[in-house]
Each structure stands twice: as C-alpha cells, then as structure tokens.
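Thanks for coming, everyone. Please take a look at the structure on the screen, and then I'll walk you through some of its details.

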Amino acid sequence: MEDKLIAIVDKYESLEKRMQESDVYSNPTLYARLAREQKEITPIVETYQRYEKAKRDMEGAKELLSDPDFKELAQEEYDAAQIDMEQMEEELRILLLPRDPNDDKNVIIEIRGGAGGDEAALFAYNLYRMYTMYADTKRWKSEIANLNGTELGGIKEVSFIIEGDGAYSRFKFESGVHRVQRVPETEASGRIHTSTVTVAVLPEVEELEFEINPADLQIDTFRSSGAGGQHVNKTESAIRITHLPTGTVVECQDERSQHKNRERAMKILASRLYEEERRKQAEVLAAERKSQVGTGDRSERIRTYNFPQGRVTDHRIGLTLYKIEQIMNGDLDDVVDALIMADRAEALKNL
C-alpha cells in the first residue's frame with residue numbers, strides 16, 4: 001500500500017506542475033481535465049499526508065519515552081498518534097478501493113408500476129416524489145423526460161434525469177423491485193394490499209461516450225398525449241426513438257421543443273444501451289464480484305415499505321428503519337449511507 005500511496009503523491013505533484021505550464025493554462029479543456037484528475041486523488045493525498053504526520057509524531061514521542069521527565073506526556077502522545085494512524089490506515093484502504101467511473105455522473109431513473117394495478121401506480125408516484133425530494137435536499141436539478149400517468153394521479157411509468165455532482169453514486173443502489181404494503185384509499189374493508197414497483201437507475205451517458213450508428217435508429221414524431229396532467233401539444237414535438245438491433249424504445253414528450261425531446265431521448269437511449277453492455281461484460285467476467293447490496297437487477301426485490309408498521313426494510317443488508325414518513329419525504333441519507341458502507345465492506349473483504 002505504501003508504494004501505491006507514494007506513486008499517487010508523485011502523480012499529484014506532477015499534475016500540479018503540469019497545470020502551471022503555459023500551454024496547459026491557455027487550454028481550458030486540457031486544464032479542466034487535469035484539474036479533474038487531481039481532484040479525484042486529492043482526498044488520498046491529504047489523508048496520506050496526515051498519516052505521515054501522525055507517524056512522525058509517534059516516532060518523536062517514542063524517543064522521549066526513555067526520559068523520566070517526559071515519559072507520561074510522551075506516552076499520551078504516542079497512544080494518540082497510534083490511534084490516529086490506525087484510523088487513517090482504514091480510511092486509506094477505503095480510498096484506494098477501485099472507483100466506479102460513473103459515480104460523478106448525472107443519473108437517469110425509470111420507475112414503472114408492477115403488480116397491484118392502480119395501487120402500484122400510486123406508489124410509483126410516491127417513489128418519484130421521494131427521489132425528487134431527496135434530490136432537492138442535495139440541491140440537484142430533476143427533469144422529467146417522459147411520464148405516463150393514470151386517472152387517479154398515479155404513474156404507469158416515468159423517466160427523469162437528476163443532474164448533480166455525484167448523483168449516480170447516491171442513487172445507484174435503488175435498482176430493483178420495491179414492495180409496498182398498505183391499505184389503499186379505495187379499500188373499504190381496511191385490508192392491507194401488497195404491490196410492487198420496479199426502478200431502474202442508469203448513469204447518464206453522452207452520445208460521444210457510447211457511439212450509436214444512426215442507421216440503427218428509427219425516429220418517429222407524434223403529439224404529446226397530455227396524460228397525467230402534462231400539457232397538450234398541438235404540434236408533433238414528442239419523439240420516439242427505436243434502436244432496431246436491440247428493440248429498445250425511448251419516448252420523450254415533456255418538452256415543447258422537438259429538438260430538446262430528441263436530444264434527451266438520445267441521452268436516455270445511449271445510457272440504456274451502455275448499461276446493457278456493462279451488464280453483459282459483468283456476466284462474462286466470472287471473477288466479477290457480486291456485491292452484498294445486490295446486482296442491481298430489476299427483478300430483484302430490494303426493499304419493503306410497510307405503512308401499517310411504519311417501517312422500511314432493505315433486504316440486501318438487513319436494515320430496518322421505523323421512519324417511513326421521513327423516508328417517503330426524501331430523507332434517504334440513512335438508507336443510502338448504510339448501502340454504501342455495506343458495499344465498501346464487501347469490496348474490502350474481496351480485495
């Protein structure tokens with residue numbers, strides 16, 4: 001680990017010098033790329049520098065242990081520095097874990113009502129509201145790409161984009177089947193119903209990152225349906241793009257501009273195809289670890305929301321929280337932090 005850390009410090013210092021050179025400083029694109037590289041390794045460098053200081057402090061205190069006049073004070077300093085070093089060693093192990101290259105990206109979330117009819121559609125709306133409220137707490141921007149609503153105010157399906165630094169890193173564990181247990185408002189007998197909603201989470205991929213052959217696309221225009229309270233559009237500004245080789249279909253109809261709808265649909269299509277390619281590669285690599293928090297498969301039941309008992313249970317890590325109202329209002333940090341910690345623990349175990 002020591003050799004790896006020294007190499008990272010050397011890289012940091014090399015980037016620092018390179019960014020001060022005139023050819024880089026006068027090239028905003030190159031400067032931004034180098035600055036991004038440096039930013040990624042800054043936490044490692046800063047933690048290693050603190051580790052080295054604690055190490056020097058411990059060595060200095062050790063030399064004074066033989067002096068009767070300073071022995072007690074030196075022992076305290078030695079013990080404190082040792083504790084600091086142990087904590088920072090753990091921090092460094094975590095910081096050196098292979099990083100998900102998509103963590104800093106924007107995220108595309110797709111929610112679809114599953115088993116349960118109108119009640120599933122209403123819960124799909126609840127999840128959409130929960131995620132957008134969580135995005136608001138992080139000061140991230142959310143925009144609907146496509147929404148297919150129901151008469152009762154539910155959602156059959158919705159695609160939306162959340163833009164913000166690190167958005168994917170906080171949402172990536174939400175893929176899977178979400179189960180709700182509650183008494184529907186339309187249920188006169190007070191019987192608890194169980195319904196399901198599927199969630200897919202994709203890192204937003206620019207077209208340049210994932211090349212799509214224009215010849216593989218069928219692009220159709222149509223009028224926005226106006227379902228679910230959307231505006232009724234008298235022009236054919238809505239876009240449907242079909243990727244012919246895979247049969248993947250993306251619709252965007254939230255914008256009044258055909259150009260904007262096409263641009264957004266292409267981003268979602270690229271992200272879906274990219275995610276499918278990633279899934280295939282992971283299956284091919286037999287040594288690929290299966291994370292404790294799940295594969296992200298949409299068929300995998302990941303969480304249950306039990307309204308009568310006021311609890312939310314994440315089945316992948318055995319986490320149960322009795323704060324369903326807060327969670328449904330976007331207070332997701334306790335859940336997300338626990339999933340991230342479980343994923344890191346599994347990664348450290350497999351390292």
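**A hairpin to begin with**

Strand 7 and strand 8 form a hairpin with 4 residues between them. In the turn, glycine 247 has a positive phi of about 75 degrees. Helices (H or I, at least four residues) and strands (E, at least two) are DSSP runs, numbered from the N terminus.

A word on the source. This is a predicted model, where local features need pLDDT of at least 70, side-chain atom pairs count only at pLDDT 80 or more, and totals for chains, interfaces and linings use all residues. Residues are numbered from 1 along each chain as its sequence is written, and side-chain values use heavy atoms, with hydrogens and water left out.

Strand 7 covers residues 238-243 and runs antiparallel to strand 8, with 5 bridges joining them. Strands pair if DSSP finds at least two bridges between them.

Strand 8, residues 248-252, has two faces. Thr248, Val250 and Cys252 are on the covered face. Val249 and Glu251 are on the uncovered one.

What lies 5.7 Å from cysteine 252 in space, C-alpha to C-alpha, yet 13 residues away in sequence? That is alanine 265. Alanine 265 is found in helix 7, residues 258-284. Its relative accessible area is 0%, so alanine 265 is buried. The cut-offs are these: buried means under 20% relative accessible area, exposed over 50%, and partly exposed in between, with a 1.4 Å probe and protein chains only.

Strand 2, residues 141-149, pairs with strand 3 in the antiparallel sense, over 8 bridges. Their hairpin has 5 residues between the strands. Glycine 153 there takes a positive phi near 90 degrees. Glycine 149 has isoleucine 155, in strand 3, as its bridge partner.

Now the loop between helix 5 and strand 2, where arginine 139 has its place. Its phi is near 60 degrees, a positive value in a residue other than glycine. Is arginine 139 buried or exposed? Arginine 139 is exposed, at 79% relative accessible area.

**Aromatic pairs**

How many aromatic pairs does a search of the whole structure find? The count is 7. Rings of Phe, Tyr and Trp (its six-membered ring) pair if their centres lie within 6.5 Å; planes under 30 degrees apart count as stacked, over 60 as edge-to-face and the rest as tilted.

Take phenylalanine 123 and tyrosine 305. Their ring centres are 5.1 Å apart and their planes are at 65 degrees, so this pair is edge-to-face. Phenylalanine 123 is in helix 5 (residues 118-137) and tyrosine 305 in strand 9 (residues 301-306), so the pair ties together parts 182 residues apart in sequence. Phenylalanine 123 counts as buried, at 0% relative accessibility. Tyrosine 305 is buried as well, with a relative accessible area of 0%.

Next, tyrosine 128 and phenylalanine 160. This aromatic pair is edge-to-face, with 4.9 Å centre to centre and 85 degrees between the planes. Tyrosine 128 lies in helix 5 and phenylalanine 160 in strand 3 (residues 155-163), so parts 32 residues apart in sequence are tied together. Tyrosine 128 counts as buried at 15% relative accessibility. Phenylalanine 160 is buried at 0%.

There is also a cluster: ring pairs link Tyr131, Tyr134, Trp140 and Phe171.

**Charges over rings**

Lysine 105 has its charged end over the ring of tyrosine 274, 5.4 Å from the ring centre. The charged end of arginine 182 sits over the ring of phenylalanine 307, 5.0 Å from its centre. To qualify, NZ of Lys or CZ of Arg must be within 6 Å of the ring centre and within 35 degrees of the ring normal.

**The second largest pocket**

Last stop. The volume of the second largest pocket is about 290 Å³. A pocket here is an open set of points on a 1 Å grid over the protein atoms alone, where a 1.4 Å probe fits, with protein on both sides within 12 Å along at least five of seven lines; lining residues have an atom within 4 Å of a point. The volume is the space filled by probe spheres set on the points.
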